[in-house]
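Reader: I'm new to this one. Could you walk me through it with a few questions and answers?

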Amino acid sequence: MIVSIDVDDAGWDDVPGLEELATRAVSAAVAAARIEHDTLETAILFTGDEAMMALNAQWRGKAYATNVLSFAAEEFPAPAGEVRPLGDIVLASGVVKREAAEQGKILPDHTTHLIIHGLLHLLGYDHETDAEAAVMEGLEIEILKGLGISNPYDR
């Protein structure tokens, strides 16, 4: 999996090794999802709350910043050996930091979880129903455990 990373908000300076963390999270998620990933590409934007609020308003009609958004690329058959865009993941620094603090989570662990969550959306997973949520959350827990991160849904 090819991962392009862009950091456009200084709030992400609080997550040491952010690019390595992101690459590790993506690698673990695609391995656990057991998909052919050699020719897939994703982009991750680490931004601030203001930019996230604008994206959330534009694409979801919701006038607030959320923690993570996923934008799936259009499906098309790529020629053999060519890279196929999977989609983009966007995370908001302020929201992610506040959630981590409020939930008593380690910021890099929470960031890892949200990257995995966003990537699973790009791979077709969802949590609209209880059954879908159980499958997606179960896979998130499994991936995070493999990375040495505790279950984010334990409260």
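Reader: What volume does the largest pocket have?
Author: Keep in mind that this is a predicted model. A pocket here is an open set of points with protein on both sides. The space in the largest one comes to about 470 Å³.

Reader: Which residues lie nearest the centre of that largest pocket?
Author: Its lining takes in 23 residues. By class, these are six nonpolar, nine polar and eight charged. The ones nearest the centre are N67, V68, H117, H121 and H127.

Reader: Which element gives the largest share of the lining of the largest pocket?
Author: At least two lining residues each come from β3 (68-72), α3, α4 and α5 (130-146). The largest share is five residues, and the element that supplies them is α4.

Reader: And the second largest pocket, which residues lie nearest its centre?
Author: This pocket has a volume of about 200 Å³, and 13 residues line it. Three of those come from α4, the largest share. The lining splits into three nonpolar, six polar and four charged residues. Nearest the centre you'll find K105, I106, S150, N151 and P152.

Reader: Which residues is I143 in contact with, leaving aside its neighbours within four places in sequence?
Author: Contact here means heavy atoms within 4.5 Å. With those neighbours set aside, the partners of I143 are A28, A29, A32, I116 and L120.

Reader: Which residues of helix α3 are buried?
Author: The helix runs over residues 93-103. Buried means under 20% relative accessible area. In α3, that label goes to S93, G94, V95, V96, E99 and A100.

Reader: Which residue follows α3, and what is its phi?
Author: The helix ends at residue 103. Next comes G104, and its phi is positive, near 65°.

Conventions: Residues numbered from 1 in each chain as written. Predicted model: local features only at pLDDT ≥ 70, side-chain atom pairs only at ≥ 80, totals over all residues. Heavy atoms only, no water. Buried < 20%, exposed > 50% of the residue type's maximum accessible area, 1.4 Å probe, protein only. Helix = DSSP H or I, 4+ residues; strand = E, 2+ residues; numbered from the N terminus. 1 Å grid on protein atoms, 1.4 Å probe; cavity = no way out; pocket = protein on both sides within 12 Å on 5 of 7 lines; lining within 4 Å. Points joined across faces, edges and corners; volume = space filled by probe spheres on them. Nonpolar A, V, L, I, M, F, W, Y, C, P; charged D, E, K, R; others polar.
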